[in-house]
Amino acid sequence: MMYRWCWSYPTRKRVFLLAITLILIAMVTLYGMATYALYFRRGFASSIIQSPRTNSAPPKLPHDTRRAPSCSIPTFRNNIERINYRPKISCQRRQPSEQSCKVAEKYIKGKEPEKCGPHTEICSIKFEDKTHYMHCRQDVCATGVLLLGTFSPVDGELSWAHFPTSRMLEKGFQELVDSKDSSIKSGVAFIKCLINHTSTKHANRTTSTYAEDNMDADGRIHIRQLLIFPNLTRTIQSAADGTNAQHANLNINIILLDSVSHSHLFRTLPMSIEALRRIDGDMSQRNVVFNFDRMQSLKAATHENLQVLLTGQFFELPDVLPVRDTFDALKRKGYDILWNEDMCWREEWGSAKYFGVSNETSMETRWHKFDEILTSHSVDHHGASLASCEVFYSNGVIHPFLKKIICYNGRYHHWYLLEYAKQMQSLYQRAREPYFLYTELNAGHSELGTTSKTLDTDIREYLEYLSTLDNTLTIVLSDHGGRYTQYARTDEEGFLEQFHPFLFMLAPRNFADFVGTSGMKHLSENQDKLISVLDIHSLLRYLIGMSPLDDGHRSSEFGIQPRGLLDPIPSTRTCSSLPLFQATECICESVPGITNTTHSAHLVLAELGLGYINDIIQVQTRKGGELTRGTCRKLTGTGISDVIETHKANNITEVKMRIYIEQGKPFPSPDVFSFAFDISWSSGRVSISWYSPISVYGKYEPCRDPHVDRVICVCDLGNHRRATNGLSHLDDYQATSLNSSPVVQRVSECLTILERRHEAGMVLEAVNSCRDVTVEFGIRGKTVNILVSRELPVQYIIRGDQSRFLGAFLAVTADWSVNYEVILLN
């Protein structure tokens with residue numbers, strides 16, 4: 001069959017065309033082939049996306065907040081004098097508008113995070129005379145029965161041993177210590193007992209007050225305590241003797257605070273900033289502070305930045321974090337390696353992901369692989385990290401990303417990680433043995449933006465402790481800023497802060513003994529320049545005796561200095577000299593190009609982005625060829641914003657934007673994706689460069705189809721029904737999206753073509769509304785003054801009750817047309 005429409009022709013011509021159409025129908029019938037022809041031509045007067053050859057200046061638009069009055073980015077000026085050093089720095093941080101700063105302040109002002117309840121100490125552990133001793137109170141537990149929880153070295157499970165009295169518990173623990181039992185090798189243990197409600201201190205303790213407490217079947221409340229004690233190693237024995245000579249290596253201590261931007265650190269950790277100022281200003285302290293104001297994130301994701309930090313490798317992500325070369329170099333220099341994080345090895349984040357075991361469903365197999373990988377990669381201690389699973393499960397979560405706070409017995413989860421770090425560092429200091437300690441804290445990874453405030457007191461105390469240490473370089477940094485906060489989703493500066501992490505260094509005052517006077521000079525001068533974790537990695541390589549990165553690591557292409565921050569970073573460095581991953585925004589000022597959130601051409605691009613993701617959702621929903629409809633809905637656009645066009649090399653224009661998606665129930669505000677599109681003026685093609693969700697992580701987890709990526713699934717909480725009716729499927733695709741309702745053209749009983757028309761182009765989708773019929777068809781035609789996402793002709797196969805995004809047609813002039821035919825092939 002063939003039908004033809006043309007909206008601008010007079011009625012008498014339409015009669016003529018109808019006659020022609022009837023003739024063509026007869027011809028098609030004779031040939032046994034159904035052809036469906038459409039003619040679409042639409043001009044418009046408004047300007048469109050400009051090619052790089054356009055010389056007109058970008059318009060100054062009212063919504064463009066970069067041109068509004070600005071406020072300053074907070075800075076930290078240390079006391080190291082920059083002697084007559086005032087070069088012109090090419091990278092100037094894009095300044096936030098005054099409105100952005102007010103918005104950021106509004107989101108956190110007066111919004112203090114919840115506090116944990118009072119801490120109850122059941123037992124305590126002391127280290128003296130080369131061993132650990134436990135002392136337990138008699139008045140805390142109701143029945144006198146106490147449980148000791150330790151981790152099995154066989155499967156990593158937490159097992160509980162019963163002790164009738166506290167004295168028997170003390171004795172039992174001492175026997176484990178004296179026998180060097182492997183169950184306490186981790187350096188953490190749990191104590192559990194029923195609360196004694198007759199005690200004055202615990203009379204008002206209730207389940208509503210203590211979310212982390214457990215209740216047994218009789219409604220009685222258990223109180224749990226997490227004990228931190230360094231495990232028994234040669235380090236402990238050396239510390240007890242105190243006879244080792246001072247080692248020649250520099251202790252390396254890295255603390256990574258996930259999802260805390262440079263500006264957000266100053267907003268939410270003011271006591272920690274003040275502690276750094278005191279440490280830097282007090283010449284009697286053993287450390288000097290460096291702050292790097294222009295730290296560029298390579299990607300708003302932890303895994304990628306951590307890999308570059310520890311290995312110098314970028315762009316490719318192997319299954320296992322490739323740290324072997326770095327850790328082997330540390331071991332050759334005599335370092336012990338400690339990995340300390342607040343994530344659960346039984347789930348899919350943190351070291352379970354970094355070391356490639358997160359996809360292993362058998363926990364026993366996962367534990368064996370995990371233990372083997374840590375051992376083969378020379379990780380000596382993973383102690384307090386093992387406690388994270390029990391802490392999470394007691395809070396009713398499997399990760400910290402959605403919970404407001406994570407507490408355990410009246411203390412924030414991160415307190416235990418920092419306490420473990422302090423105890424281990426004190427023993428290494430006394431033993432005079434070098435260590436490399438990596439600590440990762442995820443309290444800032446939250447939609448609220450205020451949970452990072454919970455870090456302030458404990459980080460301040462930890463920084464003050466670090467200021468007392470000798471021969472220790474401490475690197476305190478973040479990987480990126482907050483991705484899932486309302487500030488990041490709704491404000492331009494909030495979005496940009498994702499890519500502006502912070503970096504502080506506490507270096508010993510004798511640091512010049514390790515890096516020379518030139519190293520100290522360059523380290524100070526580089527504080528004002530554009531840097532990334534790649535520069536920190538090169539610094540670490542130098543300190544542990546590894547050879548510099550070479551051209552195999554593309555060192556020339558990205559201007560990698562042999563000693564990283566200890567060498568002069570060019571003052572002319574820009575983001576083009578950094579290995580930025582896709583979806584990364586440069587923090588430096590630049591000419592942004594044309595910005596116009598209302599332009600029809602941008603809506604065509606947004607349609608392309610949504611169509612691409614909807615096809616992915618559909619493919620992932622189908623399991624093993626089984627015909628299913630899942631709970632993850634078709635993404636429907638409600639609007640776009642923050643459009644930036646940038647003319648790049650090779651005659652390409654990059655268009656970035658945010659696309660707002662109709663949210664699932666019961667959430668009140670739209671979900672948001674960030675997209676980038678490449679328009680190639682030479683080839684006449686338009687394509688998706690990258691996309692990244694910036695909505696709350698995992699909020700649709702309860703209703704998500706298990707095979708659909710959680711970052712693209714939108715569904716209604718509480719709705720787990722699977723729609724299988726083909727008509728309802730077609731109805732889904734007829735919904736209005738981006739202010740455009742589709743024109744529906746029925747090609748056959750099963751195949752329907754949907755056109756979404758905009759002034760600056762159109763997009764096509766196809767729906768097969770028959771459940772048990774597979775449709776094969778082709779599209780051919782001609783376009784005038786059009787950029788396409790896929791060249792014509794093209795053929796498609798659509799299974800029953802499925803759909804397919806066919807393509808986007810983007811106009812480049814006011815005089816354009818699309819003429820296409822749909823041909824049924826079965």
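Which residues are exposed on the other side of H8? In this predicted model, helix H8 spans residues 324–332, and its buried residues are Thr-326, Phe-327, Ala-329 and Leu-330. These four cover an arc of only 155° around the axis, so they lie on the same side of H8. An α-helix has 3.6 residues a turn, so residues three or four places apart point the same way. On the other side of H8, the exposed residues are Asp-325 and Arg-332.

The loop between H7 and H8 contains Phe-315. Most residues other than glycine have a negative phi. Phe-315 is not a glycine, yet its phi is positive, at about 75°. Its relative accessible area is 35%, and Phe-315 therefore counts as partly exposed. A positive phi, of about 50°, is also found at Asn-471, again not a glycine. Asn-471 is placed in the loop between helix H13 (456–466) and strand E15 (472–477). With a relative accessibility of 12%, under the 20% limit, Asn-471 counts as buried.

Most peptide bonds are trans. A cis peptide bond, however, joins Lys-665 and Pro-666, with omega at about 5°. Pro-666 belongs to the loop between E18 and strand E19 (671–680). Leu-792 and Pro-793 are likewise joined by a cis peptide bond, with omega at about 0°. The loop that holds Pro-793 runs between strand E25 (786–788) and strand E26 (794–798).

At least two lining residues each come from helix H7 (302–311), helix H9 (351–354) and strand E20 (685–693). Strand E20 gives the most to this lining, with five residues. By class, the lining of the largest pocket consists of 18 nonpolar, 15 polar and 12 charged residues.

The second largest pocket holds about 810 Å³ of space. Its lining has 31 residues, and those closest to the centre are Leu-580, Thr-584, Cys-586, Glu-654 and Lys-656. Two or more lining residues are given by each of strand E17 (637–648), strand E18 (652–661) and E20. Here E17 gives the most, with four residues. The lining of the second largest pocket divides into 14 nonpolar, nine polar and eight charged residues.

The structure contains 30 aromatic pairs. One of them joins Trp-415 and Tyr-416, which are arranged edge-to-face, with 5.1 Å from centre to centre and 90° between the planes. Trp-415 and Tyr-416 are both buried. They also belong to a cluster linked by ring pairs, together with Phe-151, Trp-160, Phe-190 and Tyr-408. The face of Trp-415 has Arg-411 over it, at 3.8 Å from the ring centre. In another part of the sequence, Arg-563 lies over the face of Tyr-542, at 5.3 Å from the ring centre.

Methods. Residues numbered from 1 in each chain as written. Predicted model: local features only at pLDDT ≥ 70, side-chain atom pairs only at ≥ 80, totals over all residues. Heavy atoms only, no water. Nonpolar A, V, L, I, M, F, W, Y, C, P; charged D, E, K, R; others polar. 1 Å grid on protein atoms, 1.4 Å probe; cavity = no way out; pocket = protein on both sides within 12 Å on 5 of 7 lines; lining within 4 Å. Points joined across faces, edges and corners; volume = space filled by probe spheres on them. Phe/Tyr/Trp six-rings, centres within 6.5 Å; stacked < 30°, edge-to-face > 60°. Buried < 20%, exposed > 50% of the residue type's maximum accessible area, 1.4 Å probe, protein only. Lys NZ or Arg CZ within 6 Å of the ring centre and 35° of its normal. Arc of directions from axis to C-beta.
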